[in-house]
Amino acid sequence: MKTNAISAGRKLKRVLGVHILMEFHGCPSDIIKDSNSVKKFFLKAAKISGAHIVNSIFHNFNPHGVSGVVVISESHFSVHTWPEYRYVALDLFSCSEDIDLEKAVEYLKTCLRPKSVSAIELKRGILPA
């Protein structure tokens with residue numbers, strides 16, 4: 001897999017991956033309570049990003065909520081929903097420069113229709129130059 005590079009001070013460091021942690025607030029409850037719909041959205045987001053899907057598992061909780069993960073060759077996409085709060089926690093992790101996480105994020109925003117979004121992008125596996 002390819003590595004990224006970042007500069008920290010004067011030294012160039014290698015980065016093994018990018019991990020985006022996101023919170024979607026104000027999502028329609030009916031959309032985020034159904035594991036089949038959430039699974040469909042995440043599988044398509046992985047495909048749109050250029051990821052290579054290995055496997056997936058999604059679970060509906062009683063009385064509500066969904067947890068799921070799409071394992072990709074390049075790492076994973078995961079989700080946890082709280083329909084009663086209209087809240088979704090997502091994380092998208094890729095250790096390949098060939099994956100376009102932005103495309104996946106934009107697609108998921110379209111599908112899950114959050115009123116507000118917050119995100120943190122982490123560089124993972126920062127190695128000495």
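Strand β4, spanning residues 66–72, is mostly covered in this predicted model, with five of its seven residues buried. Here, buried denotes a relative accessible area under 20%, exposed over 50%, and partly exposed a value in between, computed with a 1.4 Å probe on protein chains only. Strands (E, at least two residues) and helices (H or I, at least four) are DSSP runs numbered from the N terminus. The model is predicted, and local features need pLDDT of at least 70, side-chain atom pairs count only at pLDDT 80 or more, and totals for chains, interfaces and linings use all residues. Residues are numbered from 1 along each chain as its sequence is written, and side-chain values use heavy atoms, with hydrogens and water left out.

Strand β4 pairs with two strands, pairing being assigned if DSSP finds at least two bridges between them. Strand β3 (residues 53–60) runs antiparallel to β4 and is joined to it by seven bridges. Six bridges link β4 to β5 (residues 75–82), again in antiparallel orientation. Within β4, V71 stands opposite N55 and also opposite H76 in β5. The β4–β5 hairpin has two residues between its strands, while five residues lie between β3 and β4 in their hairpin.

In the turn of the β3–β4 hairpin, G65 has a positive phi of about 110 degrees. P63 is placed in the loop between these strands, and the peptide bond joining N62 to P63 is cis, with omega about 20 degrees. Most residues other than glycine have a negative phi, and most peptide bonds are trans. R86, in the loop between β5 and β6 (87–94), has a positive phi near 60 degrees.
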